[in-house]
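Subject: Structure handover

Hello,

Here is the structure we talked about. Please open it alongside this note. My findings follow below it.

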Amino acid sequence: MKSILGIGNALTDILAVLPDDTLLKKFHLPLGSMQHVDMETGDRIWEELKHYGVKYVPGGSAANTITCTAIFGMESAFVGKIGNDDLGNLFKSTMEQYGVKAQMLYSRKSSGRCMVFITGANAERTFADYMGATLELGPEDLDASFFEGYDYFHIEGYLVQNQELISKAARLAKAAGCIISIDMASYNVVESNDAFFHNLVENYVDIVFANESEAKAFTKMEPSDAIDELARHCSIAVVKVGKAGSMVKSGDEYYFIEPWPANPIDATGAGDTYAAGFLYAHSLGMPLLVCGQIGSIIAAKVVEVIGTKIDIPRWREAKDEIRALIAANSNDPLPPLN
Ligand SMILES: Nc1ncnc2c1ncn2[C@@H]1O[C@H](COP(=O)(O)OP(=O)(O)OP(=O)(O)O)[C@@H](O)[C@H]1O
Ligand SMILES: [Mg+2]
């Protein structure tokens, strides 16, 4: 089985169901907004939320993808930065529980977190993000030894805001012979790092994952043209169009992939798990179409649950469906799916 290393923000979601909007008012958070807060405010909010029976869900885009590849059975590792605190320990130990080698770096700042206030009859969500230690991850933290022996290196697009970090990571990954993939993460990150993103994709990245708005930000084109344009600059381009499915292209080979059937309730994590399924299938040497189909199968499971963690029955179902698909496309014995 091939191996994968991911780099991303080590963020933990802290979810609290609140009886009313008193805390929102106290911290000047408009209902439904998403705000960045400083360390002092971030720590004060967390202290207050602890009284309400909060739920902790370690996440972040690449961390979610890497957790998923670990469950598929790939040797999976993650590089990210945390504080020397309870939340950082929780992040690391949760990754390890899933079998991920958590290559954590430590900052003096406290661990990054996304605090979610859930209020009112409609469970309205208000967000206060404190990035903290995650933003301290810098090029000086990276060492060539991190990359040695990994077949794949997956980059979370949010990190491209730190261009020196990603330049060094991409250089070291390439020198180590990794296949490099990137999830573009967000259209505004793509827009505000336009030239850098183009250079990165052109010269380092093998596999690009973009949703509709990210593909548009990169190419200034609508999805059906954007996929052609993206594929001119990398080996494999993937453009995801939510519940409409996805498009994959490599050279002249192109497929539109219908979404896998699902009863969606929450789309969070669809893109991260799609990438994991795609990369896992790619690592088994599956054809392009099958890589996209396996991404779609696993993404269809995560949209059926709230949050980013697929439950065990759905994992079983996904593995059965994936096993059948792989068997139909392979002359080898069944792959070692756990
Ligand atoms: N309602 C749905 N039913 C089935 N599959 C879905 C649904 N929504 C999304 N998917 C699958 O998930 C894939 C990725 O979703 P999407 O296009 O929303 O990516 P994204 O915008 O990167 O997601 P994220 O918000 O997680 O970053 C889609 O290409 C599709 O295969
Ligand atoms: Mg996405």
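First, a definition: axes are lines fitted to C-alpha atoms, for helices over the stretch in contact, and angles run from 0 to 180 degrees between N-to-C directions. Helices (H or I, at least four residues) and strands (E, at least two) are DSSP runs, numbered from the N terminus.

This is a predicted model, in which local features need pLDDT of at least 70 and side-chain atom pairs count only at pLDDT 80 or more, while totals for chains, interfaces and linings use all residues. Residues are numbered from 1 along each chain as its sequence is written, and chains are lettered from A and ligands numbered from 1 in the order in which they are written.

**The helix pair**

Start with helix H3 (residues 61-72) and helix H11 (residues 270-283). Their axes come within 8 Å and cross at roughly 40 degrees. That makes H3 oblique to H11; angles under 35 degrees count as roughly parallel, over 145 as roughly antiparallel, 65 to 115 as roughly perpendicular and the rest as oblique. The crossing is right-handed, a term used if the near helix is turned clockwise from the far one by less than a right angle.

Contact here means that C-beta atoms, placed from the backbone, lie within 7 Å. On the H3 side, the contact residues are Ser61, Asn64, Thr65, Cys68, Thr69 and Phe72. H11 brings Asp272, Thr273, Ala275, Ala276, Leu279 and Tyr280. By class, this contact has 6 nonpolar, 5 polar and 1 charged residues. Ala, Val, Leu, Ile, Met, Phe, Trp, Tyr, Cys and Pro count as nonpolar, Asp, Glu, Lys and Arg as charged, and the others, Gly among them, as polar.

Strands pair if DSSP finds at least two bridges between them. An open sheet of 5 strands runs E3-E8-E7-E2-E4, with mixed pairing. Strand E3 (34-36) and strand E4 (55-59) are at the edges, each with a single partner strand, so one side of each is left without a neighbour in the sheet. Inside, strand E2 (residues 11-17) and strand E7 (residues 113-119) pair in the parallel sense over 6 bridges. Val17 has Ile118 in E7 as its bridge partner. Helix H2 (residues 39-49) lies across E2, E7 and strand E8 (124-130), at about 45 degrees to E7.

**The 9-strand sheet**

A second open sheet has 9 strands in the order E6-E5-E1-E9-E10-E11-E12-E13-E14, and its pairing is mixed. Strand E6 (101-107) and E14 are the edge strands. The twist averages 15 degrees from one strand to the next.

Strand E12 (residues 236-240) and E13 run antiparallel, joined by 4 bridges. Ala237 has Lys249 in E13 as its bridge partner. Strand E13 (residues 246-250) then pairs with strand E14 (residues 253-257) over 5 bridges, in the antiparallel sense. Ser246 is bridged to Ile257 in E14. E13 and E14 form a hairpin with 2 residues between them. In its turn, Gly251 has a positive phi of about 60 degrees.

Best wishes

Methods: Two residues are in contact if their C-beta atoms, placed from the backbone, lie within 7 Å.
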